[in-house]
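Hi there,

Here is the structure I promised to hand over. Have a look at it first, and my notes follow below.

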Amino acid sequence: MGFIYSLRASPCVGSGYVEAALNPRNGTCAQMTDIGRERKKNHPHTNQLFPPPVVMTASSLHSDCLVVLFGATAGAYRAKLGSDERELILLVWQVVDLHSKKVGTLHKCLVKADNLELSDQCREVTGLTSEGLSKAEPLDRVLQQFSQLVSSDLKALGRNTYTFCTDGQLLIRQVLHPEASKKNLLLSDCFYSFFDLRKEFHDCYSNVAPVKDQTIQSMAEYIGFRIDETEEDFGVWQVKAMVAVIFNMLPDTCDDRFTVPETVKYKYETGPCSKSEAVDSETVIRARGLPWQSSDQDIARFFKGLNIAKGGVALCLNAQGRRNGEALVRFVNSEQRDLALERHKHHMGSRYIEVYKATGEEFLKIAGGTSHEVAQFLSKENQVIIRMRGLPFTATPEDVLGFLGPECPVTGGKEGLLFVKYPDGRPTGDAFVLFACEDYAQNALKKHKEILGKRYIELFRSTAAEVQQVLNRYMSTPLIPTLPTPIIPVMPPPYTIAAGSVRDCVRLRGLPYTAGIDDILEFMGDATVDIKPHGVHMVLNQQGRPSGDAFIQMKSSDRAFLVAQKCHKKMMKDRYVEVFQCSGEEMNFVLMGGTLNRSGLSPPPCKLPCLSPPTYAFQTAAAVIPTEAAIYQSQALLPQSRTQQASAAAAAAAVAAATPTVTYYPAQAAQLYMNYTAYYPSPPVSPTTVGYITAPQAAVAAAASATHTPMLPQPGALVRMQGLPYNAGMKEILSFFQGYQLHADAILLLYNFSGQLSGEALVTFPSLDSAKKAVAERSGCLLGSHCVELCLI
């Protein structure tokens, strides 16, 4: 059962009331009201703490009164209040009439926390104990009592409106709002505006210390108010000192004091952001570790009490267009950003969220846009955005509106729909929808994975920043592009892949499967200075995952020998790694699909791929592949079959003797032709860095004979499969097309840039008619639990 201790004000502040003696540390109090017992006596049949209170108004403009409020948590104190997520355990307040300069009763109320364990600092400073707090009321009951008592004091003073006045920002922004949000408590309007006594004091006395260095003690000392902490109870002397400071600041009329309060935003406002907009880097943070399904509203709730700028939450997407658990958040000023940084490792549900500084440039990269269509779509403010994924490519606005139904009307009808398309106008299967309120959005989310046509549709909450990111990504580079025209290298010089018998390379075998370029460079130690530019090549297996092997090109055979001697069987993480010296020829042989072991070379697979990129002959430049495409080798880089190796070798010799004929692979088209061996250019290069890689001599030989032996069967037709299960392989696809006389060589599984299956494949049919028949009969059919879409390329 909880207690509120009420003390009448001292005559020194002008009210004429008599102060009650109070010593809650030893449990004695001359004037003490047991609120719980009074409630039972007066209202034995109700669960409410009080009868309905007299309605009083919390006003932020020209308030009649201030409610001076002080509080403490079970953890950190002063400048770190609220930074450790500890709960509120103490509230002390007193009403101050700004016009008559009278005060109401001083109240002190303990709050029962869910976790009654107190920090050492809290016990020492406050003198409170876990046993004493266990008898208090929880926060929701205390807030009801607070409302009733403030109303009563205002009525006694003959006033109607009031605004809080606190010692700094922390109690309101970092304690009350976050805790109420976590406990699903709805705070009244009075908690959304307050006066910061430190700022008001600094405005009144310009020669005092900066706002961040002010304390209650320093303000009281400045005005000559004596504080004896030993005679007064914790919380009581702070409020008395704050009241004294306020009266000292008030002139004959209070019109020019306490007129512009601090405000807390009621809710997060959505809106677009232009790339041309100036964003102050001192206002942006990066939040990491977010649940993947979290929305902008969830993030705004995590930062409850702090003012986020309009459209200031930008959820980050990964290379596959899915959320990666990070977000950039922009606040209205640097003060709010600094408070947000204090929430580092606070919890969202059961997950702790990391909070770091970020830059305005990073925010614009994620949230900024230039599309007029997107800006018009997002111009409707305070709308709830839902993302739809997996739409049939033939879906129309009428189909989507019909799918959503009358129970979740779209804002503006067709104008509230935004279909995402490739630059050539082809639909991607994604769309964004606007809803006027949360109820409509909730009704729409209930249709998650319902069927439209022959496909199930996924629905997620989305944000304005996600709309910008998705549109920017699709409009800049299509995920599965059409074949473009040949490219000319524009960023020389290209770097070469080693060839020949000089043993200037080393092979690393037995790498941890989680090892990356940085791990290899750390493993190499001082020898990294002798690695050729872009000389680290990691090998992936047939599933697109690391095989545990890597090759490194050194500047000389002597350096390669020293590295092999020094690093052989050296530990990387929890595994020892074998290091062997080898030649560029041996390295290329393995990278082309063969194997290298102590018994010699094993040739690569001899099957002919069914699909090869087009080749173009030029006489003046070196053969190149853009870095974006070089992550996955072209099928043309595989050695030819044994029956063709002799002619290929002869062609290669002829090419070497003459002016070189080279092969170009278009940047976007190369994504269509991915093999299980991968080049990783290094020393590490930014994923966005544009560079080139020279085609090996085997590819040049293949190009020389390509005009005589085309690798794409003629006649034939190519069909693209989308929506495959990620574990689907050749066997499952052959079963899907049973009866169409296909073989495994006709199927090409596509991988994303993380080396994982993308859920798409290319299938070569023997004729155009058979391809059309397959698309007509099998598109929309299920493979496992996935609905597969087919389209003719």
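A definition to begin with: angles under 35 degrees count as roughly parallel, over 145 as roughly antiparallel, 65 to 115 as roughly perpendicular and the rest as oblique. Angles run from 0 to 180 degrees between N-to-C directions, with axes fitted to C-alpha atoms, for helices over the stretch in contact. Helices (H or I, at least four residues) and strands (E, at least two) are DSSP runs, numbered from the N terminus.

This is a predicted model, where local features need pLDDT of at least 70 and side-chain atom pairs count only at pLDDT 80 or more, while totals for chains, interfaces and linings use all residues. Residues are numbered from 1 along each chain as its sequence is written, and side-chain values use heavy atoms, without hydrogens and water.

Now the helix pair. Helix α6 (residues 197–204) packs with helix α7 (residues 216–223) at about 30°, their axes 11 Å apart, and the two are therefore roughly parallel. Leu197, Arg198 and Phe201 of α6 make the contact (heavy atoms within 4.5 Å) with Met219, Tyr222 and Ile223 of α7.

Next, the sheet. Five strands form an open sheet in the order β23-β24-β22-β26-β25, with antiparallel pairing (strands pair if DSSP finds at least two bridges between them). β23 (531–540) and β25 (570–572) are at the edges with a single partner strand each, so one side of each has no neighbour in the sheet. The twist averages 30° from one strand to the next. β23 and β24 (residues 546–554) pair over five bridges, and His537 stands opposite Phe551 in β24.

Enjoy exploring!
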